[in-house]
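Q: Hi! I've just opened this one and I'm new to it. Could you walk me through it?
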Amino acid sequence: MGDLSPLRISLEIALISTILTFITGVTMAYRIGRLGRGKNIIDSLLSLPLVLPPTVTGFLLLLLFGKNSPVGRFLAEIGISVIFTFPGAVIAAFVTSFPIMYRTARGAFELVDTELIDAAKTLGYGNRGILFKVVLPLSWPALSSGAVLSFA
């Protein structure tokens with residue numbers, strides 16, 4: 001049997017990226033869903049990699065983390081290299097899969113019945129309690145689907 005290290009590396013990148021995507025996607029979707037003004041602008045910016053061609057997204061990441069950019073120079077000064085490395089691959093996978101998880105989570109949170117949230121408030125639950133006892137359990141089927149799509 002051939003060398004399986006490319007498969008192992010790909011699975012590691014996908015797994016790490018999926019975990020990061022799930023945590024940040026759910027967090028951002030919940031927080032942005034509770035915003036008032038400016039929600040649509042932030043929502044559009046976070047969804048941008050979903051509509052950009054992958055080559056454009058990759059080029060923008062190369063520009064951002066390249067040695068001639070401020071971010072790239074800063075990272076080089078502290079001894080971190082991103083371009084064509086394992087962390088760079090995780091970042092690229094994260095950037096391209098984040099909008100999928102984010103949009104799925106936003107949709108799931110918007111479908112939670114506000115009467116259930118109001119009932120939880122009358123029972124004395126704070127924002128954290130409402131999130132973990134009401135919103136996340138009701139949204140779990142959609143959130144798990146978003147995680148599978150992000151992994152893929």
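Q: Let's start with helix 3. How many residues does helix 3 have, and how far does it reach from its first C-alpha to its last?
A: Helix 3, residues 54-65, has twelve residues and reaches 16 Å from its first C-alpha to its last, close to the 16 Å expected at 1.5 Å a residue. The expected span is 1.5 Å times one less than the number of residues. Helices here are DSSP runs (H or I, at least four residues; strands are E, at least two), numbered from the N terminus.

Q: Before we go on, where does the model come from?
A: This is a predicted model, where local features need pLDDT of at least 70 and side-chain atom pairs count only at pLDDT 80 or more, while totals for chains, interfaces and linings use all residues. Residues are numbered from 1 along each chain as its sequence is written, and side-chain values use heavy atoms, with hydrogens and water left out.

Q: Thanks! Which residues of helix 3 are buried?
A: Thr57, Leu61 and Phe65 are buried in helix 3. Buried means under 20% relative accessible area, exposed means over 50%, and partly exposed is in between (1.4 Å probe, protein chains only).

Q: Why are they on the same side of helix 3?
A: They cover an arc of only 55 degrees around the axis, so they sit on the same side of helix 3. The arc is taken from the directions from the helix axis to the C-beta atoms. An α-helix has 3.6 residues a turn, so residues three or four places apart point the same way.

Q: What do the buried residues of helix 3 pack against?
A: They pack against helix 2 (39-51), helix 4 (70-77) and helix 5. Contact means heavy atoms within 4.5 Å.

Q: OK, zooming out. How many helices and strands does the protein chain have?
A: The protein chain has seven helices and zero strands. Its C-alpha atoms fill a box of roughly 55 × 45 × 30 Å along the principal axes. Buried residues make up 30% of the 152 residues.

Q: And what share of contacts join residues at least 24 apart?
A: Among contacts between residues at least 6 apart in sequence, 72% join residues at least 24 apart.

Q: Where does the kink in helix 7 lie?
A: The kink, about 65 degrees, lies at Trp140, shortly before the proline Pro141. The bend at a residue is the angle between axes fitted to the seven residues ending there and the seven starting there.

Q: What covers the buried residues of helix 7?
A: The cover includes helix 1 (5-33), helix 5 (86-110) and helix 6 (114-122). The buried residues of helix 7 include Leu131, Val134 and Leu143.

Q: Tell me about Leu131. What does it touch?
A: Leaving aside neighbours within four places in sequence, Leu131 is in contact with Tyr30, Leu136 and Pro137. Leu131 counts as buried, at 16% relative accessibility.

Q: Switching to rings: how many aromatic pairs does the structure hold?
A: The structure holds four aromatic pairs. Rings of Phe, Tyr and Trp (its six-membered ring) pair if their centres lie within 6.5 Å; planes under 30 degrees apart count as stacked, over 60 as edge-to-face and the rest as tilted. Phe22 and Trp140 have ring centres 6.0 Å apart and planes at 75 degrees, so that pair is edge-to-face. The pair links distant parts of the chain, with Phe22 in helix 1 and Trp140 in helix 7, 118 residues apart.

Q: What about Phe94 and Phe98?
A: Phe94 and Phe98 form a tilted pair, 5.6 Å centre to centre with 40 degrees between the planes. Both lie in helix 5, four residues apart, about one turn of the helix. Ring pairs link Phe94, Phe98 and Tyr102 into a cluster.

Q: Last one: what does Ser17 touch?
A: Not counting residues up to four places away in sequence, Ser17 touches Val90, Ala93, Phe94 and Ser97. Ser17 is in helix 1 and counts as buried, at 2% relative accessibility.
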